[in-house]
Amino acid sequence: MADAMPSRVTGLLVRTASGALDRVGDMSVIALEGFRRSWDVRTWFWEFVQQCWFLARVTSLPVLLVSLPLGATVALQVGDLAWQLGASSATGGAVVVGLVREVAPMASALLIAGAGGSAMTSDIGARNIRDELAAMEVMAVNPIHRLVTPRLWAASTVAVLLVPLVIVAGAAGGYFFNVVVQGVTSGAYFDGATSLLVTSDLLVTLLKAWIFGFIAAIMSCYYGMTCQISPVGVGRAVNRSTVVTFMLVFAVNYVITMIYFLAYPPRTL
């Protein structure tokens, strides 16, 4: 009996690892197959436009409503500490730098995954339980090329376009607290940001947003195409895709940020 327990645990771990590797392989296949026919724009362009419009419509207002109080909150926390140290003018630099380097790509990715990705999963999952994906294969139409490819490019494109909205809205929220409430001059608020930021910061931020949007689309499409054939299965797929996307986004963000800071150490005032 004592010898059977370790073998059961080992077998469970092996099955879990094997299942995880199978899922990673399936995700990679969907991602590569989605990119393989990206050059054939005529077959997916209008679906791409529709998905871009849908994602922009469901994420633009929420990202503004999230970024405004977020920038004000960061300015409140940093500004209070900076005021005690006699460096209130440094608040603007801290707020804008934080928005550009970390907050903007993360906020856009989380909203793409939460608002847009969940809709993608439910849409493809509903097609799956109605056997539309199988019908497309019968008609010699690759469902990945027709459905996944435009969603990959749409999610990545909209995630990049949301970055300026997050930066502007967050900077406006920080501006209100730091300039209007604390009385710091507008020039001092923006001077710290311009002295700390470099062009590579914005480029890496846009790259992050593109990668995060791609991850959100892959997870959404994968879980939608592999959900259980039932309405409950679609709901579980939506939940899993959102959770897994959040976990991957945070992990990939840490890796990219670490590599970037090692290659280009941040400036100091």
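Where is the place of Asp131? Asp131 sits in the loop between H3 and helix H4 (132–138). Before going further, a word on what you are looking at. This is a predicted model, so to speak of local features a pLDDT of at least 70 is needed, side-chain atom pairs count only at pLDDT 80 or more, and totals for chains, interfaces and linings use all residues. Residues are numbered from 1 along each chain as its sequence is written, and side-chain values use heavy atoms, with hydrogens and water left out.

Let's start with the overall layout. The protein chain comes to 8 helices and 0 strands; here helices (H or I, at least four residues) and strands (E, at least two) are DSSP runs, numbered from the N terminus. Read from the N terminus on, the elements go α-α-α-α-α-α-α-α. Of the chain's 269 residues, 42% count as buried, where buried means under 20% relative accessible area, exposed means over 50%, and partly exposed is in between (1.4 Å probe, protein chains only).

Asp131 has a positive phi of about 65°, although it is not a glycine. Asp131 is also partly exposed, with a relative accessible area of 48%. Move on to the loop between H4 and H5 and you find Ala140, another residue other than glycine with a positive phi, near 65°. Ala140 is exposed, at 72% relative accessible area.

Arg146 is partly exposed, with a relative accessible area of 38%. In sequence, Arg146 and Gly34 are 112 residues apart, yet C-alpha to C-alpha they are 8.8 Å apart in space.

Now for helix H7. H7 has 27 residues and spans 39 Å from its first C-alpha to its last, close to the 39 Å expected at 1.5 Å a residue; the expected span is 1.5 Å times one less than the number of residues. Of those 27 residues, 19 are buried, so H7 is largely enclosed by the rest of the structure.

A pair of aromatic rings is described by the distance of the centres and the angle of the planes. Rings of Phe, Tyr and Trp (its six-membered ring) pair if their centres lie within 6.5 Å, and planes under 30 degrees apart count as stacked, over 60 as edge-to-face and the rest as tilted. Searching the whole structure turns up 10 aromatic pairs. One of them is Trp210 with Phe214, a stacked pair at 5.9 Å centre to centre and 0° between the planes. These two are 4 residues apart in helix H7, so about one helical turn separates them. Trp210 is partly exposed at 28% relative accessible area, whereas Phe214 is buried at 17%. Another pair is Tyr260 with Phe261, which is tilted, with 5.9 Å centre to centre and 40° between the planes. Tyr260 counts as buried at 10% relative accessibility, while Phe261 is partly exposed at 31%. Trp210 and Phe214 also belong to one aromatic cluster together with Phe35 and Trp153.

The largest cavity has a volume of about 50 Å³, a volume being the space filled by probe spheres set on grid points that are joined across faces, edges and corners. The count comes to 1 cavity of 30 Å³ or more.

Finally, the cysteines. The count of disulfides is 0, taking a disulfide as a pair of cysteine sulfur atoms within 2.5 Å. Cys52 is buried, with a relative accessible area of 15%, and Cys221 is buried too, at 0%.

How values were computed:
1 Å grid on protein atoms, 1.4 Å probe; cavity = no way out; pocket = protein on both sides within 12 Å on 5 of 7 lines; lining within 4 Å.
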